[in-house]
Amino acid sequence: MTLPSLRLNKGCETAMRRGMPWIMTHEIVPSSNLALLAPGELVSIETVRGELLGVGYYNALSHIACRVLAAKPNTAIDHAFFATRLREALHKRDTLYPDPYYRLVHSEGDNLPGLLIDRFGELLVVQLGTAGMERLWPVLLGAIEEVISPTTIVLRNDTGAREREGLVQNVQVVKGSVDALVKLRENNVTYLADVLKGQKTGWFFDQRDNRALIAARAKGKRVVDIFSHSGGFGLPAAKAGGTATLVDSSALALDIAQQAAGLNEVSIECIKGDAFAVMEQLAKQGRYFDIVLADPPAFVKSRKDIASGMKGYEKVARLACALVEPLGELFVASCSHHASRGAFNQAVMDGVRKAGRKAHIIAQTSAAADHPNHPMLGQNTYLKGVLLKLDD
Ligand code: SAH
């Protein structure tokens, strides 16, 4: 089948030849042909001279107008294509973790732009983020059946990013059934996730290594897990022999955390409320902790929010610092793609200073290895963490 061609402006092919998986609107030669394409249709990517470079999908509604699926001309985007990419993704994870609970496909990082798959054993949660991936879903589904053959597949197509692609939001169980919370194992802790109504896919697998980092220091310590969701950090800290206090505004997330605490035979304290207000309250009550960690939602959603987002991280660090015992530790994370590590560290250190404390950095962390970075999409990993030792 001949695909419609998408021609790159003169000079714009170098990035693609070097492996760049995105083509921006301004890099494309305007054509009446492209204007007729439905969002997400496959295109043959060519130089201005007509030399074929590869295959991608095009959506005029998105500023990333084309995402590259294969940097090889005439690649068929079919069952075999997806089966090969899924096997590669599976192979990468096979060597990482003892249990089948992880992010199986991380979009461009696994050469499948617009696709996220989180694996909870025999259950997969799939998120189609682009019109291109949505059009390819029937073929992709066939390949998932062949390579993974899960008992249950949930489509969590309820991410805001879909609107920018002209897609509607919905949640569907497309195979099997889900009638209870789903169990998962990570760092020898049993967690529970609500894969239908929980945030994102129901679980944040990206924090796995950071949770282990905190748990390793938690024995005999008082740990407060701010923005705890369902106890990702707090439960392993309790299991490691610390006392864990969880703070979150979501009653659902905290209820799940309590149920999971029972499964792990640990007890935890849960405080439901706005994290900023709760931190102020705890400080007023004179409650101190040996380890304070804060993993807020993304404060920087786009480039224009960088300044206000940084103020958010500064405030989190300032209020969190007030709860840290002298010589205690503070861990702050940012899942904002647009926040650079330097700016984030600066914001956290500004917060520490404004709290009247001093600190030095013990560790700087990022997302777990099942969230591979695409080498051409910047050195900035979206998830950044900084662990500080307070000097006094
Ligand atoms: N640390 C968690 C993930 C945190 S995600 C883990 O390891 O899994 C961010 C969490 O912040 C969500 O659970 C959300 O409910 C919560 N949240 C967002 N805004 C909040 C606020 N103002 N106060 C308290 N919690 C908030």
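Gln199 reaches the ligand with a polar side-chain atom, which sits 3.1 Å from one of the ligand's oxygen atoms. Do keep in mind that this is a predicted model.

- On the side of Asp274, an N or O atom of the side chain lies 2.8 Å from a nitrogen atom of the ligand.
- Ala275 takes part through its backbone: one of its backbone N or O atoms is 2.8 Å from a nitrogen atom of the ligand.
- Of the 580 Å² that the ligand exposes when taken alone, the protein buries 88%.

**The shell around the ligand**
- The ligand is surrounded by 16 residues.
- Arg211, Asp248, Asp274, Ala275 and Asp295 are the closest of these.

- Leu124 belongs to strand β8, which covers residues 123-128.
- Is Leu124 buried or exposed? Leu124 counts as buried, because its relative accessibility is 0%, and the cut-off for buried is under 20%.
- Leaving aside residues up to four places away in sequence, Leu124 touches a set of residues that includes Leu104, Ile117, Asp118 and Arg119.
- Also among the contacts of Leu124 are Ile144, Ile148, Pro150, Thr152, Ile153 and Val154.
- Val154 is 30 residues from Leu124 along the chain, yet their C-alpha atoms are separated by 6.2 Å.

Note on methods. Residues are numbered from 1 along each chain as its sequence is written. This is a predicted model: local features need pLDDT of at least 70, side-chain atom pairs count only at pLDDT 80 or more; totals for chains, interfaces and linings use all residues. Side-chain values use heavy atoms; hydrogens and water are left out. A residue is near a molecule or strand if one of its heavy atoms lies within 4 Å of it. A polar contact is a pair of N or O atoms within 3.5 Å; within protein, one must be able to donate a hydrogen and the other to accept it, and residues adjacent in sequence count only if both atoms are side-chain atoms. Accessible areas come from the Shrake-Rupley method with a 1.4 Å probe; for residues, only the protein chains shown count as cover. Helices (H or I, at least four residues) and strands (E, at least two) are DSSP runs, numbered from the N terminus. Buried means under 20% relative accessible area, exposed over 50%, partly exposed in between (1.4 Å probe, protein chains only). Contact means heavy atoms within 4.5 Å.
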